[in-house]
Amino acid sequence: MFKLNLKIAWRNLWKNKGYTLINILGLSIGMASCILIFIFIRFQLSFDEGYKNEDRIYRVVTNWKYSAYEDFSSGVPVPFAAAARNEIAGFETVGSIVKRNAFLQINDANGKEKMKSQEAVYYAQPDFFNVLSDIKWIYSAPELALAEPNTVVLSAKYAEKFFGSVKDAIGKNMRLGEKINLKVAGIIQDMPQNSSFPLEIVISYETYKGRFNNNWDSVNSAFCSYVLLKEGLRPEDLQQSIANFNKKYYPVDKIAGNQENKLQVLRAIHFSDKYDNFANASINRSQIYGLAIIGLFLIITACINFINLSTAQSVTRSKEVGVRKVMGSKRSQLIYQFLTETFVVSLAALLIACVITELAIPPMQHLFKGRIEFSLFGHPSIFAFMALLVLFIAFLAGFYPALVISGFKPALAIKNKIALNKRGLSLRKILVVAQFAITIVLIVGTLVVIKQMQFVQQKSLGFNPDAVAMVGIPNDSLSKIKYNTFKERISKLPGVEDISFCQSPPLSGNINSSDFTYNGVKNKDFELRNIRADENFFKVFDLKLIAGKLYHKSDTANACVVNETFLKKMSITNPEEAIGKVIYASGNTVPIAGVVKDFNDQSLREQISALAIFPGKNDYWNVSVKIDSKQIAATMKEIDKIWNSTFPNGVFDSAFVNETINSYYESEQIMGVLFKIFAGVIIFISFIGLFGLISFVATQRTKEVAIRKVLGASTLELVKMLNGSFLVMVFVANIVAWPLAYLFVSKWLAGFAYRIDVSIWPFALAMAISMAITLVTVSIRSYKAASANTIDVLKYE
C-alpha cells in the first residue's frame with residue numbers, strides 16, 4: 001500500500017513541478033537553518049558533559065554583598081583548599097588550579113634556543129585531576145607528575161608542538177620565565193573544544209610562588225578550587241557546614257562585603273553570567289532559548305507556506321478526490337495518501353537542506369573564529385534530530401491540507417464545484433498574519449541590534465583609544481632595569497607621539513578592586529577599582545582633569561587621581577573638597593592629587609566604576625604607545641625590532657586598544673550577523689508563502705476577475721482588488737508584532753548600562769519593508785490573473 005501511495009505521490013508532485021519546487025525550496029532553507037541552529041545549541045549544551053561523577057563535581061565561588069551592590073568571582077582565597085579539606089567533612093576531594101600567562105622557552109639537544117612562546121599555563125594540585133578524574137593521562141599520573149616542584153604536564157598537541165612527538169617530550173626540559181627549568185613529567189589527552197578546561201600546559205602547584213598567600217580577603221578569579229562531594233551528598237546537605245566555614249574565615253568585622261563561598265555545579269559553569277571560566281566561552285541560557293525559538297519559528301513559517309500552497313492546489317485535485325471516493329476510498333486512506341506526499345517533499349527537502357548545511361558550515365566556523373565545532377555528521381543526536389524534523393514537518397505541514405482535501409463531497413468534487421469555505425480562508429489569513437508577525441519581530445530585532453552596535457562603536461568613552469598600541473613587557477627584575485632604555489629608544493621613532501607604562505588601558509576587563517579607607521573612615525558601601533599607571537597615562541589617553549593636578553614622575557607613591565563616580569558615591573558635590581584627602585587601598589596610603597572626568601572603564605554593559613589611578617613603578621606589564629595614525633604599520637615594525645633587541649628572552653605581544661574594546665562585544669556582533677541571516681531567510685520564506693496564498697486566491701476568484709473585466713474593470717483596478725486584503729493582513733501582522741518586538745529588544749538592551757533609546761523608526765521601517773515585500777510579491781501574481789484572457793476563463797459556461 002505504501003509503495004502505491006509513494007508512486008501516486010511522485011506522479012502528483014511531478015505533475016505540479018512549480019509548486020513542488022517552491023515547497024521543497026522553502027522547506028529545505030528552513031530545515032537547513034534549523035539544523036545549523038541545532039548543531040550550535042547541541043555543542044553549547046554539551047559543555048563539560050560525560051564526567052562520570054559530574055553530579056558530585058562543583059566549583060567553589062565567592063560572593064560579596066555590599067550596601068549598594070553585589071559582586072561575584074569564580075575564584076577563592078589561596079588558603080581555601082587547605083582549610084576546606086580539614087573542616088568541611090562532606091568534601092571527598094578538594095583541588096586548586098591557577099591560570100597565568102607565562103613566557104616559555106624550549107631548547108634543542110645542544111642547548112640552543114629552539115622555540116619561545118607566550119602561553120596560558122595552569123598551576124594545579126594533583127587533587128584537581130582526582131576531582132576531574134575522567135581526564136585521560138597518556139603518560140604518568142597526577143600524583144607522580146605534579147607532586148614535586150618544577151614539573152610540567154603537556155597536552156598531546158603541545159608535546160608535539162614543542163618536542164615533535166609525545167614520546168620525545170617525556171623527560172625533556174623547558175624554561176619558565178628567566179630562571180625556572182621545568183621537566184616534562186606527564187602527558188594528558190587534548191581537551192575537547194566543548195570543555196571549560198582548555199588545559200595545554202599544567203605546572204605543578206608546588207612551583208607556584210603565590211601558594212603561601214594566607215590573605216582570606218584577597219580573591220582572584222584565576223585562582224579556582226573544585227570539589228568532589230562524598231557519595232550520596234547534595235549541596236543542601238552541606239549548607240550548614242559551609243555557613244560555619246564562612247563565618248569562621250570571613251568575619252564581618254574584619255572582611256568587608258559579607259564575603260562567602262558557595263558551590264556551583266559543574267554543568268552550570270559554561271552558562272554562568274556572573275562567573276567567568278578558563279575557556280572564556282560562556283553563553284547565557286536565554287541566548288540558547290532565543291535561538292531555539294527562532295529555529296522553531298523558521299520551521300513553522302516554512303510549514304505555513306506548505307499549507308497555503310497545498311490548499312491552493314486542492315481545488316485542482318477535487319476530481320481526483322471525488323473519483324477515489326466513488327471507487328471506495330475511505331477518508332483515512334486519502335489522508336494517508338496526502339501525508340505520504342508531504343513526507344516525500346519533506347525527505348527531498350532534507351536532502352537539499354543537508355547540502356545547504358554543509359555549504360554553510362565553513363562560513364559559520366569563520367564567524368565563530370573556529371572556536372566551535374560544526375559538523376553535520378559529528379554526533380548521533382543530529383541524525384535523530386533530522387529524522388524527527390522530517391516527521392514533524394510532514395505531519396504539521398501535511399495534516400491540515402490532507403484533512404481539507406479528503407473532506408470534499410464526491411458529487412461536488414466530480415463536477416469541479418468545490419469552493420473552500422470562509423473558515424478555511426480565515427485560517428490561512430491567520431497563518432499569514434502569524435508568519436509576517438514573526439518576520440517583523442526579527443526585522444525589528446535586527447535593526448535594533450545593528451543600531452546598538454553602531455552606538456557602542458561610536459559612543460565617546462571619555463578617553464581617546466585611537467591609534468594606541470598596548471605592548472606587553474616582561475616584569476622580572478632584569479627586564480625592569482631596561483624599561484627606561486626601551487622607552488628612550490621607541491620615543492625617538494618618528495611615528496611615536498607619546499608613551500606610558502601601565503597595567504592596562506582605561507577600558508579593560510582586567511579588574512583589580514578592594515575595600516578602602518577615605519580620610520580615616522573605612523567605606524562599607526562599595527569597593528574601589530585600582531589602576532596602575534605612570535604620569536604619561538593621562539596624556540596618552542587624553543583623560544580630562546577637572547580638579548586638582550596630576551601626579552608627576554617624582555610622586556612615585558605619594559599621590560593618586562580619582563574619577564567623578566568616586567565623588568558621587570562618596571556624596572561629594574565639590575571636587576575640590578576631595579583634594580588632599582588620604583585614601584588607603586591595596587597597600588597604598590596616599591592623598592588625592594586630582595579628579596578626572598568620568599570615562600568608561602568597562603564595556604558599555606557595565607556602569608562606570610569608582611576608581612583611583614595610582615603610580616606603581618614595579619607593577620607595570622604594558623607600555624601604551626600613542627602612534628601617528630598615518631604611520632601605524634611602519635612604526636609597529638620598528639617597535640617590534642627594538643622590543644626584541646631589548647628583551648631578547650621574551651616574546652613580543654601587542655594589541656590595539658580599539659580592537660580590544662571591539663572584542664568585548666563579539667557575542668553581540670555574532671548575534672547581529674545571525675539575526676540578519678535568519679531575518680533574511682524568514683523574509684524569503686514569507687515571500688514564497690505570499691505567493692502561495694495569492695495563487696490560491698487568484699485560482700478561487702478567476703471567474704470573478706474575468707466577469708469584472710468583461711463589465712469594464714481595468715487591470716489596475718483588479719490588481720488593487722486582489723492586493724487589498726493582503727496589505728490589510730500585513731498591517732494587522734505589524735500591529736501584533738510590535739508589542740512582542742518591543743518586549744524582546746527592551747530585554748536585550750537591558751543587558752547594556754549604556755544603550756540607545758527604543759524609538760519608533762525600527763518599527764516603522766519594519767512595516768515599510770513588510771508592506772513593500774507584500775506589494776511586490778502579490779502584484780506579480782495578481783497582475784498575471786488580472787491580465788488573463790477572459791474567453792479562456794469563461795468558455796466552460
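Predicted model: local features only at pLDDT ≥ 70, side-chain atom pairs only at ≥ 80, totals over all residues.
Trainee: Why are α23 and α24 called roughly antiparallel to each other?

Mentor: The axes of α23 (residues 715–749) and α24 (residues 761–786) come within 8 Å and cross at roughly 155°. The cut-off for roughly antiparallel is an angle over 145 degrees, so α23 and α24 fall into that class. Their crossing is right-handed, and the residues of their contact comprise 20 nonpolar and seven polar, with no charged residue.

Trainee: What does UniProt list as "transmembrane region", and how much helix does the model have over residues 21–43 and residues 760–780?

Mentor: The UniProt entry, which is unreviewed, lists residues 21–43, 288–309, 334–361, 381–408, 429–450, 673–697, 718–740 and 760–780 under that name. In the model, residues 21–43 are 100% helix and 0% strand, with the end C-alpha atoms 33 Å apart. Over residues 760–780 the chain is 95% helix and 0% strand, and the end C-alpha atoms lie 31 Å apart.

Trainee: Why is Ala467 called buried?

Mentor: Ala467 has a relative accessible area of 15%, and buried means under 20%, so Ala467 counts as buried. This residue sits in the loop between α14 (422–458) and β12 (468–472), and Ala467 has a positive phi of about 55° although it is not a glycine.

Trainee: Asn519 also has a positive phi of about 55°; what makes Asn519 partly exposed?

Mentor: The relative accessibility of Asn519 is 47%, which lies between the limit of 20% for buried and the limit of 50% for exposed, and Asn519 therefore counts as partly exposed. Asn519 is placed in the loop between β15 (516–518) and β16 (521–522), and is, again, not a glycine.

Trainee: How do you know that Phe72 is partly exposed, and which residues is Phe72 in contact with?

Mentor: Phe72 has a relative accessibility of 24%, and since buried requires a value under 20% and exposed one over 50%, Phe72 is classed as partly exposed. Phe72 lies in strand β2, residues 70–73, and, leaving aside neighbours within four places in sequence, is in contact with Thr62, Asn63, Trp64, Lys274 and Tyr275. Phe72 and Tyr275 are 203 residues apart along the chain, yet their C-alpha atoms are separated by 6.5 Å.

Trainee: What share of the contacts in the whole protein chain comes from residues 24 or more positions apart?

Mentor: Among contacts with a separation of 6 or more, residues 24 or more positions apart account for 80%. The chain has 25 helices and 24 strands, and 50% of its 797 residues count as buried.

Methods. Residues numbered from 1 in each chain as written. Heavy atoms only, no water. UniProt positions renumbered as here; feature names shortened; annotations may be inferred. Helix = DSSP H or I, 4+ residues; strand = E, 2+ residues; numbered from the N terminus. Buried < 20%, exposed > 50% of the residue type's maximum accessible area, 1.4 Å probe, protein only. Contact = heavy atoms within 4.5 Å. Axes fitted to C-alpha atoms, helices over the stretch in contact; angles between N-to-C directions. Parallel < 35°, antiparallel > 145°, perpendicular 65-115°, else oblique. Left-handed = near helix turned anticlockwise from the far one by under 90°. Nonpolar A, V, L, I, M, F, W, Y, C, P; charged D, E, K, R; others polar.
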